[in-house]
Amino acid sequence: MANPQSNTPAAGNSLTAQALREAFYAGLVSLGLFVLFVGLKTDQNIRNELILVQRWGLLAIFIGVAMVGRFITVAYLRPYLAARKASRDAQVADTEDGFVKRNFSKLAVLALVLFPPVVIALSGVQGSLKWVDNFGIQILIYVMLGWGLNIVVGLAGLLDLGYVAFYAVGAYSYALLASTFGLSFWILLPLAGILAAFWGMILGFPVLRLKGDYLAIVTLAFGEIIRLVLINWTEVTRGTFGVSGIPKATFFGIWSFDVSAPNNFAKAFDLPMSSAYYKIFLYYLILALALLTAYVTIKLRRMPIGRAWEALREDEIACRSLGINTVTTKLTAFSIGAMFGGFAGSFFAVRQGFVSPESFVFLESAIILAIVVLGGMGSLIGIAVAAALMIGGTELLREMTFLKAVFGPDFTPELYRMLIFGIAMVVVMVWKPRGFVGSREPTAFLFERKAVSGSFTKEGHG
Amino acid sequence: MSETLLNVKAVETYYGNIRALGGVDVEVKKGEIVCLIGANGAGKSTLMMTICGSPQARTGSVIFEGRDITRMPTHEIARLRIAQSPEGRRIFPRMTVYENLQMGASLDNLKYFNEDVEKIFTLFPRLKERQSQRGGTLSGGEQQMLSIGRALMARPKLLLLDEPSLGLAPLIVKGIFEAIKKLNETEGLTVFLVEQNAFAALKLSHRAYVMVNGKVTMTGSGRELLANPEVRAAYLEGGRH
Ligand SMILES: Nc1ncnc2c1ncn2[C@@H]1O[C@H](COP(=O)(O)OP(=O)(O)OP(=O)(O)O)[C@@H](O)[C@H]1O
Ligand SMILES: [Mg+2]
């Protein structure tokens, strides 16, 4: 039969038969694979003797998952994908984007603004805490960090593996200045940004002549140096103990979120005491900061400096011969990227109320870089989606308590975070080698865009 | 036509310890098309790059409009309006044609952009058709047009072209040479050009230099060199004689 997806009942039957057959084979293969690893387990009993524990139930679950998975893939998923591909090929001709696609960023911002009230409506003030704090704020911090790093890596093409250093500078600037001098968040936020930008320049100078791998190694070292300074400069940073009791931010000095303060937000509005208000305030704060980052990025890309960054990524020699000062261009990329890292850092300090060098390890830099790469270097929307999937996904793991029922009470899904993170990265990179949004959005549309059809201007993969 | 725009005096350029230019003298007057021909590895591109300050000349001097630019950084030399279409074109592959042209106008901050871009598009209508296509997906000839167009966007006083005909079909080469000639005649643009396509280049040029092993061995008007038997033997008649 030539046509793989005809709808006659005979074809349907043969498909089911084929799916059953393949499911059976998949079961056999997984039995062979898992019988020794999963079905049997060596353990020590009370008398310290080695005994063999038999886990046939667990083995059955493994095999069952493999069989059911194979059956669904063959019987439903594959025909569905084939049909979708066929229908997509059929309507390539008219690719006028739908309403949602055209206004995606506006709708997304609207959804983010409405997120806290919706969550409160659904799960009450106290119940909203988890969603706003663990998901909303956590994801938005990484969105902001990703967007900040995007200026350095995505636009200017300078591979920076030590971005977390600027995050640390911002966090410690706020933590130390607020707890020593009692300065308010609204003064320290810009100050933290400026300090981080300054450190961005300090990093920039020695690495001006480096590119690619060499640059990556030096920035990696820089990140570690900052962390080691934080650990060892105990008189100032209190070393590994970290700085605690960092003051909360206020609502522009009008309302405070301290329980004891006379102008406490909840008291002022006769609301029941809850930490949720502060979290919701923080949510809007980080949302505003992230949107500021996006706004500045979009504006800068259309300005000479932003164009110079992108040109620098493509060809440094050509840049120079066009009169672009590559030294200042690189330094501004480093310092502006670092500045947003600093903003995010001071937000982090204010949110946690506690900072320690633990929070600024290389892994953080790697995660932020992974988000930028997965999102598609340079694409704000792609990076936001990547951050939501990666950070939201790992947070979701905490929620998956039902897995304990499957794998036993000792099973802690969070521990598999990095494993899943890694698998997800591999999958995305295989599926979309240039990240979620791989093609660069041009900054100039002064003429009619239809001069050359979109399919012409798409880049090839590779 | 007599005022000297660019004067290269006894320039020696080294890559490490290897001497690529061994005392080169070249003069380009305002409004001239001057061409440099020579075998592969003679040092033609090196001379172009030395004028732009990367690498810098170890000895000797490069004078532009009476100013010593030998030790200036490249981007400042570019700001004196010496524009270059370097060897290998070096357009920005992920940027559109239009954005590439914008980059060329970086110096003036797009003050004359609309006016200039129209001029480029009349010169190279192909670029207008392809203005929202990415630079990297253009054909070789289109990329060359873009590279020249981008250099012209800087409103140069001196245009340096390194092998504009490299890898192009004869018809397109002809088009590009005609464009250069037109710019020179209508706007008095001064051009210093490196070419392998010696016949066409010599016909186009007012004066020409022949470079061998990092030294200028011969100079004269384009017509003189075309008639010179040595030049004919080495660069024009291929291996035929
Ligand atoms: N970056 C470099 N490092 C070391 N040697 C170099 C470098 N660039 C060029 N050279 C050497 O300098 C000499 C002159 O090279 P150049 O590129 O100027 O030649 P060219 O005349 O432009 O040749 P072609 O016609 O092939 O472009 C060559 O021997 C080349 O190997
Ligand atoms: Mg050359």
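**Entry 1**

I began with R90(B), which sits in the loop between strand 6 and helix 3 of chain B. Helices here are DSSP runs of H or I with at least four residues, strands are runs of E with at least two, and both are numbered from the N terminus. The model is a predicted one: local features need pLDDT of at least 70, side-chain atom pairs count only at pLDDT 80 or more, and totals for chains, interfaces and linings use all residues. Residues are numbered from 1 along each chain as its sequence is written, chains are lettered from A and ligands numbered from 1 in the order in which they are written, and side-chain values use heavy atoms, with hydrogens and water left out.

I looked up the backbone of R90(B) and found phi near 50°, a positive value in a residue other than glycine. R90(B) is partly exposed, with a relative accessible area of 30%. The cut-offs are under 20% for buried, over 50% for exposed and in between for partly exposed, with a 1.4 Å probe and protein chains only.

**Entry 1: the magnesium ion**

Which atoms coordinate the magnesium ion (ligand 2)? I found S45(B) through OG and E87(B) through OE, at 1.9 to 2.3 Å. Donors are N, O and S atoms within 2.8 Å of the metal (3.2 Å for Na, K and Ca); water is not among the atoms, so the site may look incomplete.

I then placed the two residues. S45(B) belongs to helix 1 (residues 44–51) of chain B, while E87(B) is in the loop between strand 6 (82–85) and helix 3 (97–104), 42 residues apart. S45(B) is buried at 17% relative accessible area. E87(B) is partly exposed at 40%.

**Entry 2: a sheet in chain B**

I traced an open sheet of 4 strands in chain B, with the order 2-1-4-5 and antiparallel pairing. Two strands pair if DSSP finds at least two bridges between them. Strand 2 (18–29) and strand 5 (67–68) stand at the edges, each with a single partner strand, so one side of each has no neighbour in the sheet.

Strand 4 (residues 59–64) and strand 5 of chain B pair in the antiparallel sense over 2 bridges. In that region I63(B) stands opposite D68(B) of strand 5.

Helix 1 of chain B lies across strand 1 (4–15), strand 2 and strand 4, and runs at about 115° to strand 1. For such angles, axes are lines fitted to C-alpha atoms, for helices over the stretch in contact, and the range is 0 to 180 degrees between N-to-C directions.

I noted a cis peptide bond from S54(B) to P55(B), with omega near 5°. P55(B) is in the loop between helix 1 and strand 4 of chain B.

N213(B) lies in the loop between strand 9 (207–212) and strand 10 (215–221) of chain B. Is N213(B) buried or exposed? N213(B) is exposed, at 69% relative accessible area.

**Entry 3: chain A overall**

I counted 18 helices and 4 strands in chain A. Of its 462 residues, 43% count as buried. Contacts (heavy atoms within 4.5 Å) came next. Among those in chain A with a separation of 6 or more, 71% join residues 24 or more positions apart.

**Entry 4: a hairpin in chain A**

Strand 1 (residues 40–44) and strand 2 of chain A pair in the antiparallel sense over 5 bridges. They form a hairpin with 5 residues between them, and N48(A) in the turn has a positive phi of about 65°. Q44(A) has L50(A) as its bridge partner in strand 2. Strand 2 (residues 50–54) is hardly covered: of its 5 residues, the buried count is 0.

**Entry 5: the cores**

A nonpolar core is a set of buried Ala, Val, Leu, Ile, Met, Phe, Trp, Tyr and Cys residues joined through side-chain atoms within 4.5 Å. The largest has 89 residues, and F347(A) and V355(A) have the most contacts inside it. Helix 4 (residues 104–155) of chain A gives the largest share, 15 residues. Another core lies apart, with 46 residues, among them I37(B) and F121(B).

I followed F347(A) further. Leaving aside neighbours within four places in sequence, its contacts include I137(A), F185(A) and L289(A). F185(A) is found in helix 6 (residues 185–204) of chain A and is buried at 2%. The C-alpha atoms of F185(A) and F347(A) are separated by 8.8 Å, and the two residues are 162 apart along the chain.
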